Amino acid sequence: MLIFNSRNKAYKSKISAIATDEKCRFRIVVPRDCRCSCATLAITKEGEDTAYYNMFWAGMCGDDKEYWQLHFSATTPGLYFYHFELETPWGKSLIKNNGFGVGELNVHDSEFQQTVYDKQFTTPDFLKGGIIYQIFPDRFYNSKTKKDNVPASRVMRKWGDEPYWREEDMNGIWNNDFFGGDLKGIEKKLPYISDLGVTCIYINPIFEAHSNHRYDTADYEKIDPLVGNEEDLKSLCTNAKEKYGISVILDGVFSHTGCDSKYFNMYNRYDTLGAYNSMNSEYFDWYKFIEWPDDYRAWWGIKLLPEIIEENESYRKYICGKNGILRKWLKCGISGWRLDVADELPDIFLDDLRKAVKEENEDAVIIGEVWENATDKFAYGQRRRYLLGDQLDSVMNYPFADAVLNFVRFGNAQHFFDCVMNIVESYPPQVLNVLMNHIGTHDTQRAMTRLAGHDCEGKGRHWQHDHNVLTQEEYLRGVSMMKMASLIQYTLPGVPSVYYGDEIGMQGMKDPFNRACMQWENPNSELLKWYKRLGQIRHGCKALYDGEFLPVFCENSVIAYARRTEQSSMLVAVNNSNRAVDVPVGEQWDNSYSFFDNTSKNGVVHLDAYRYTLLSK
């Protein structure tokens, strides 16, 4: 029997993380025939003893149930786990989580989680209600600007050709083919980006490195010569902000460097004394040598990427110090950082990083790459505290990406809402409003391919190449699926993030097929028009800025949900089935404005197969 639901305000007044000293009402509904004489909230802050709070009897619920409730608050940030205990004539009964936020009598599944964050914790406003556009710089646009000091070892390719994927093409040097996309190219395309409604550009690494992805940093102090220079970055940030209201954030890769870097210097490319060159190097203590020089810890065992000891005081000062890397590039006009593999950065480093960034610019954003729920993440033997107020502002929202893509592809409405609500109820609301809600990135299949193509998990590059291009039927279906997926993506809590080219129907398996050159000459105009319309809708509806998320309907392959503030509200209804359905949404949505064809009549929205609607009040 349902006694508690952590995702329903009738039972819990705050469907989110709570701040320190903020009161949250917990209420359970107990059957009278349980003959409950005492109800208790048993709550445990992680690492501490369990505390027990007596609930008080709060009246009848109908003729055969009764309310027990209390108000709870916490004085310190952390993760709190709780359940309820009832004293009955037959002994003690426990009410625990059945895995879906629901507490049932004598269900002994798991504890409920309550996240408590520091009440001083704020996140930047500039992202809220906006749109992020992610750019892989080598493949976005080549301005044809003359570049100086480009290493002769780089293989320059013709724009639009297929990226190298065969080992024999690369002559043993992986990721060494370049197409010449640059910062000036991004600046030239600002009008195009602005037309999409974009308010923030996230650029994959631009610092000097010797792979086309540039996650093998060679020099944090310099922009890669093929991408441009420091003046190019300043010009991009200035023009983007002043002319188009667009902010720029950069990718920070701080868990490892390249072996071909001025810090490690395996190939003696640099004049510096690298850690590989001498144990007397000023950088020697940065790295995890097992037996110097050739046996060292490397990121995921890739010897090209020697791991950094981020706890090292010298390294932390270099990155986070008063004259460190973080501040240097913030002074150039960037508006924040996305942190590569944030779950591999220790707490002491993240603490220093936040202090440096916020001292330089309190409105700069810090977004971490975390693939799971970031509030209960375990990494390196300990619970992480990313979102409690002293580390990250936001994370890349992979749980939402999976929820959206799996719903559009497979149509399981219950699974969709469970994935979304798991994040909604555990994240601080100010984090929820700035989550980076992508449905595809440089690390994943393109969204179009994941929706309409073949599953590439466990498949090698030859297989992926053979299945990289959708058939005409698959592509047409993919366009329709992308519309449905992006509609959901743009209306969930957080900030939608578009991977360059998704808005024009680009397709591709995983790296390197998902990193092809932007198809400027052959866009899907239907999809591009759709994305521009979604951008207009986001900027015209205040409920998408910080509106509460409310599930409205869930059945089979049909969902409906609302976003609501005191000033405005929006309803999204999606029928992802092959038959027409009537979706009960409530008469309050009658006479509301419809962005598409379908409206609410007598509290019901009629949707044909694979159709959707968007209503606003």
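A polar contact here is a pair of N or O atoms within 3.5 Å; within protein, one must be able to donate a hydrogen and the other to accept it, and residues adjacent in sequence count only if both atoms are side-chain atoms. Keep that in mind for S577. A polar contact of 2.6 Å joins its side chain to that of N575.

Before going on, the ground rules. This is a predicted model, where local features need pLDDT of at least 70, side-chain atom pairs count only at pLDDT 80 or more, and totals for chains, interfaces and linings use all residues. Numbering runs from 1 along each chain as its sequence is written, and side-chain values use heavy atoms, with hydrogens and water left out.

Back to S577. Its place is the loop between β30 and β31 (581-584). Helices (H or I, at least four residues) and strands (E, at least two) are DSSP runs, numbered from the N terminus. Is S577 buried or exposed? S577 is buried, at a relative accessible area of 12%. Buried means under 20% relative accessible area, exposed over 50%, and partly exposed in between, with a 1.4 Å probe and protein chains only. Leaving out residues up to four places away in sequence, S577 touches S557, A609 and Y610. Touching, or contact, means heavy atoms within 4.5 Å.

Next, the sheet. Five strands form an open sheet, in the order β28-β29-β30-β35-β32, with antiparallel pairing. Which strands stand at the edges? They are β28 (548-555) and β32 (593-594). Each has a single partner strand, so one side of each is left without a neighbour in the sheet. Two strands pair if DSSP finds at least two bridges between them. Strand β30 (residues 569-575) and strand β35 (residues 611-616) pair over six bridges, in the antiparallel sense. Take V572: its bridge partner in β35 is L614. As background, strands of a sheet pair through backbone hydrogen bonds, either parallel or antiparallel.

Now the interior. A nonpolar core is a set of buried Ala, Val, Leu, Ile, Met, Phe, Trp, Tyr and Cys residues joined through side-chain atoms within 4.5 Å. The largest one has 135 residues. Y133, F254, W337, F416 and I488 have the most contacts inside it. Which element gives the largest share of this core? Helix α12 (residues 472-491) does, with nine residues. Look at F254. Not counting residues up to four places away in sequence, its contacts include Y220, Y315, W337 and F349. There is also a second, separate core of 27 residues, with C36, W68, L70 and A74 among them.

One more buried residue: I439. It sits in the loop between β26 (436-438) and α10 (447-452). Its relative accessible area is 5%, so I439 counts as buried. Beyond four places in sequence, I439 touches A401, V404, L405, A447, A485, Q489 and S497. How far is I439 from M279? Their C-alpha atoms are separated by 45 Å, and the two are 160 residues apart along the chain.

On to charges. A salt bridge is a side-chain nitrogen of Lys or Arg within 4 Å of a carboxyl oxygen of Asp or Glu. The count comes to 51 salt bridges. Start with D21 and K119, which meet at 2.8 Å, N to O. D21 is in the loop between β2 (18-19) and β3, and K119 in the loop between β11 (112-117) and β12 (132-135), so the pair ties together parts 98 residues apart in sequence. Both ends are partly exposed: D21 at 42%, K119 at 48%.

Compare K358 and D393, joined by a salt bridge of 2.9 Å, N to O. K358 lies in helix α6 (residues 347-360) and D393 in the loop between β24 (382-383) and β25 (394-395), so parts 35 residues apart in sequence are tied together. Here both ends are buried: K358 at 16% relative accessibility, D393 at 0%. Salt bridges with shared partners also join K322, R327, K331, E359 and E360 into one network.

Last, R27, in strand β3 (residues 24-31). R27 is buried yet has no salt bridge. Lys and Arg count as positive, Asp and Glu as negative; His and the chain ends are not counted. Where is the nearest side chain of opposite charge? That is E66, 13 Å away. What does the side chain of R27 reach? It reaches the backbone oxygen of A10, at 3.1 Å. Outside four places in sequence, the contacts of R27 include A10, Y11, Y67 and W68.
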